[in-house]
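The following exercises concern the structure shown below. Each consists of a task and a solution worked in steps.

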Amino acid sequence: MIHKVRIVTSYHEPDIDGIACMYAYAELLNKQGENAQYFIWGTPKQEVSIVCNMFGITLKYLKPEQIAESSEFVIVDFNGKDQLHGSIEPNKVIEIIDHHGLSKTLQNYTSIQRLQIDRVGAAATIVTERYMQSKLTPSRESAILLFYGIISNSINLKSNITKQRDINACKWLKTVCKDISDEKIKEIFIKKSNIEDDNLRFEMECELPNTFPDFKVIIAQLEVANIEEFLKEKKQQILNIMQVAKKEKDVDYIFVNCVDILNGYIIVFPADEQSKQFVTKTFGYEFNENNEARINRIIQRKDMTAILREKYNPKMN
Ligand SMILES: [Mn+2]
């Protein structure tokens with residue numbers, strides 16, 4: 001029997017979790033006798049090039065026109081926003097691996113043969129477990145990407161949704177690849193915080209509104225090593241970006257979740273008064289005179305999105 005090519009891919013401009021999953025899962029499928037390739041749509045987030053440069057990993061950029069018409073698709077780190085490259089028809093998607101929770105858009109995918117959505121710290125944890133279950137060993141590159149994918153998405157295993165499964169996956173990956181080290185984590189986090197002004201909007205990820213029956217909201221997110229210093233320097237630019245995005249995307253509210261990845265707390269910062277009131281009403285956060293709400297633990301955007309979905313669209317859950 002001729003196997004169709006499986007293309008493993010993720011959302012537009014993927015982060016290191018998405019990249020790790022597509023790289024390592026395509027490799028696993030090949031090791032299992034399938035014919036798989038990964039497809040990176042758009043420019044990955046900065047942390048991807050930081051990790052790749054640090055460890056000498058080269059990614060392959062398949063062009064959309066190189067994807068065979070007959071291909072089947074696997075979506076990893078699917079974020080529930082129905083945001084796939086235009087050449088991917090939903091009925092050609094045969095598998096989804098994700099950790100963002102269920103979403104209404106899943107109804108559009110009618111050909112799914114395998115669906116695993118678990119609320120763990122990173123989708124890379126699920127892919128790592130697939131290796132463990134199959135008793136196959138990931139390549140050095142896959143192991144490194146998976147490890148730092150888990151570390152990045154779970155904010156060094158400190159995020160709310162971090163599970164024992166994430167911790168176990170990291171431990172196992174360290175036994176597989178001796179190049180993986182905890183010392184590199186801080187180095188990556190600090191490098192990642194060095195965001196050029198031209199890149200700020202891209203890193204804030206404020207392009208995708210969450211749409212609810214009565215309103216639209218954008219939650220931007222910044223993950224930085226020393227957020228207080230960062231905000232001192234860039235607050236006005238961040239505010240400008242949010243105000244522009246609010247108009248461009250025609251949303252009712254927009255705020256940014258600033259995650260201090262080294263010190264383990266967040267500062268929430270709204271674009272305007274309406275957005276501030278929305279945050280207080282929805283999450284109960286209280287703002288200081290600088291319009292900043294500081295919460296002394298890590299809450300990620302995906303946690304906030306889950307609260308929004310529960311509160312304003314109960315049918316989605
Ligand atoms: Mn992820």
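**Exercise 1: Helix α8**

Task: Determine which residues of α8 are buried, and describe the course of this helix.

Solution. Step 1: The buried residues of α8 are Ile227, Ile238, Ile241, Met242, Ala245 and Lys246. A residue is called buried if 20 or more other C-beta atoms lie within 10 Å of its own, exposed if 12 or fewer, and partly exposed in between, with C-beta atoms placed from the backbone. Helices (H or I, at least four residues) and strands (E, at least two) are DSSP runs numbered from the N terminus. The model is predicted: local features need pLDDT of at least 70 and side-chain atom pairs count only at pLDDT 80 or more, whereas totals for chains, interfaces and linings use all residues. Residues are numbered from 1 along each chain as its sequence is written.

Step 1: The packing partners of these buried residues are α7 (200-204), β7 (216-224), β8 (253-260) and β9 (265-270). Contact requires C-beta atoms, placed from the backbone, within 7 Å.

Step 2: Helix α8 spans residues 227-248, yet the C-alpha atoms at its ends are only 26 Å apart, short of the 32 Å that a straight helix of 22 residues would reach. The expected span is 1.5 Å times one less than the number of residues.

Step 3: A kink of about 70° is centred on Lys234. The bend is the angle between axes fitted to the seven residues ending at a residue and the seven starting there.

Step 4: After α8 comes Asp250, with a positive phi near 55°.

**Exercise 2: The largest nonpolar core**

Task: Identify which residues touch the most other members of the largest nonpolar core.

Solution. Step 1: The core has 84 residues, and Tyr25, Val76 and Ile254 touch the most other members. Such a core is a set of buried Ala, Val, Leu, Ile, Met, Phe, Trp, Tyr and Cys residues joined through C-beta atoms within 7 Å.

Step 1: Helix α1 (residues 16-31) supplies the largest share of this core, 11 residues.

Step 2: Beyond four places in sequence, the residues touched by Ile254 include Cys206, Val217, Met242 and Ala271.

**Exercise 3: Ile97**

Solution. Step 1: Ile97 lies in strand β4 (residues 93-98).

How values were computed:
Contact = placed C-beta atoms within 7 Å.
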